[in-house]
Amino acid sequence: MNAARERVIVAGGGPVGLMTALGLAYAGVPVLLLEQEPALTVDLRAGSYHPPTLEAMAPYGITARMLEQGIKVRQWQIRDRKNPAWVANWDLGTIADLTPYPYRFHLEQHRLTPIILDFLRQQPLAEVRFNARFVDVVQTGDGVRVTYESDGAVKAVEGAYLVGADGGRSNVRKAVDMPFEGFTWDERFMLISTSFDFQTRGYAKNAYIADPEQWIGIFQMPGDHAPYWRLVIPTDVETPEAVIGAPAAVEAWLQDFEPAALRYDVLDVNFFRVHQRVARNFRSGRVLLAGDAAHLNNPLGAFGLNSGIQDAANLIPKLAAVWHGTASDALLDVYDRQRRTATVEHVQANSIANKRTMEERDPELRRVHFEELMRIANTPDLARRYLINSSMIAAVQRASEVA
């Protein structure tokens, strides 16, 4: 088998694709990464990392570089908008014995990807091609033939395996006819960035605010020059984005949320739709799916990007072992079972439950829920169990239990 045929091809130059390529190259596997855009993209949605994700990236030097730029969030909150006394405060120091990173960590995704790419380009076994849009894959008995479009021309490359990490609209997933089962939420989500400091109003650097009319998630982000805040809220899909996102409308919404003496300094406004979907399988022969190509979820809990990085961390040693001939390719089915189980039982279940709780309309159910949340937060053993689950430690443990 020639060197080109031996390499693993990764489609998608987001965090998951970059991480997968880096980990494989680090493990002695030649890798070719194809990214359809001319350069790394700027995605304003993700940016909150849980302890297991930081642990997964640490061996490659990524986490240490991130820590130079981002914000550690040891305490976070769940609050009720209509009842200010209903606040559950969580302290990740409670699980400091379980992880070297007992905090959530905030850093914009578009500041993570250059870090990974920098490390990837230092790997002699790695090649990165931008302006390379995946088109199709044909599987043979001992490899894959991938076609991609670059500068108007269709080209072909051969490899041992293909990893599809090309996002929620994954062309790799479509090429292998893999069902993407689930649903799309009715709302359209709006993301507002502002320099206003919500800590001056008692909010933690990460807070989820329940409201039957319109829940809110807020996150302090590091920014290029100074920290700023992101707010994510659900909006009506029937109202045009130009209306909801108009400066006057955004200002009115912010003033209603937290009245301020001066006009809010709004940095940008973006919209996106949210889905709850999982691929029927994460493996189809010599094609593996990871990240958004394999699963999508709503942002309540910050599970999406984290679960994608955890996919990569699970896949890397398995695919490397198969490639080196120290394990049979049945090990790749274990990747499928482990990561799909964690996705369905934890990521999907918890993100859906979080959203249902945040938008609960029954006043009595809301009261009972918040009383229970505050009781858990104020009871060390119960808080510890809750944080093990919400920090995704339980999800990674669950995956490891699957044979």
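1. Two strands are taken to pair if DSSP finds at least two bridges between them. In this predicted model, strand β10 (residues 144-150) and β11 run antiparallel and are joined by 7 bridges; within this pairing, arginine 145 has glutamate 158 in β11 as its bridge partner.

2. These strands belong to an open sheet of 3 strands, in the order β9-β10-β11, with antiparallel pairing. Because β9 (133-139) and β11 (153-159) stand at the edges and each has a single partner strand, one side of each is left without a neighbour in the sheet. From one strand to the next, the twist averages 25°.

3. Side chains of opposite charge can pair when their charged atoms come close. A search of the whole structure finds 27 salt bridges, and Arg81, Lys82, Asp211 and Asp256 are linked in a network of such contacts.

4. Helix α10 (residues 331-358) contributes arginine 340, which forms a salt bridge with glutamate 181, their closest N and O atoms lying 4.0 Å apart. Glutamate 181 sits in strand β13 (residues 180-194), 159 residues away in the chain. Arginine 340 is partly exposed at 23% relative accessibility, and glutamate 181 is also partly exposed, at 34%.

5. Arginine 283 forms a salt bridge with aspartate 333, with 3.0 Å between the closest N and O atoms. Arginine 283 counts as buried because its relative accessibility of 14% falls under the 20% cut-off, whereas aspartate 333 is partly exposed at 29%.

6. Glutamate 345 and arginine 398 form a further salt bridge, their closest N and O atoms being 2.7 Å apart. Since glutamate 345 lies in helix α10 and arginine 398 in helix α13 (residues 393-401), the pair ties together parts that are 53 residues apart in sequence.

Technical notes
Residues are numbered from 1 along each chain as its sequence is written. This is a predicted model: local features need pLDDT of at least 70, side-chain atom pairs count only at pLDDT 80 or more; totals for chains, interfaces and linings use all residues. Side-chain values use heavy atoms; hydrogens and water are left out. Helices (H or I, at least four residues) and strands (E, at least two) are DSSP runs, numbered from the N terminus. Axes are lines fitted to C-alpha atoms, for helices over the stretch in contact, and angles run from 0 to 180 degrees between N-to-C directions. A salt bridge is a side-chain nitrogen of Lys or Arg within 4 Å of a carboxyl oxygen of Asp or Glu. Buried means under 20% relative accessible area, exposed over 50%, partly exposed in between (1.4 Å probe, protein chains only).
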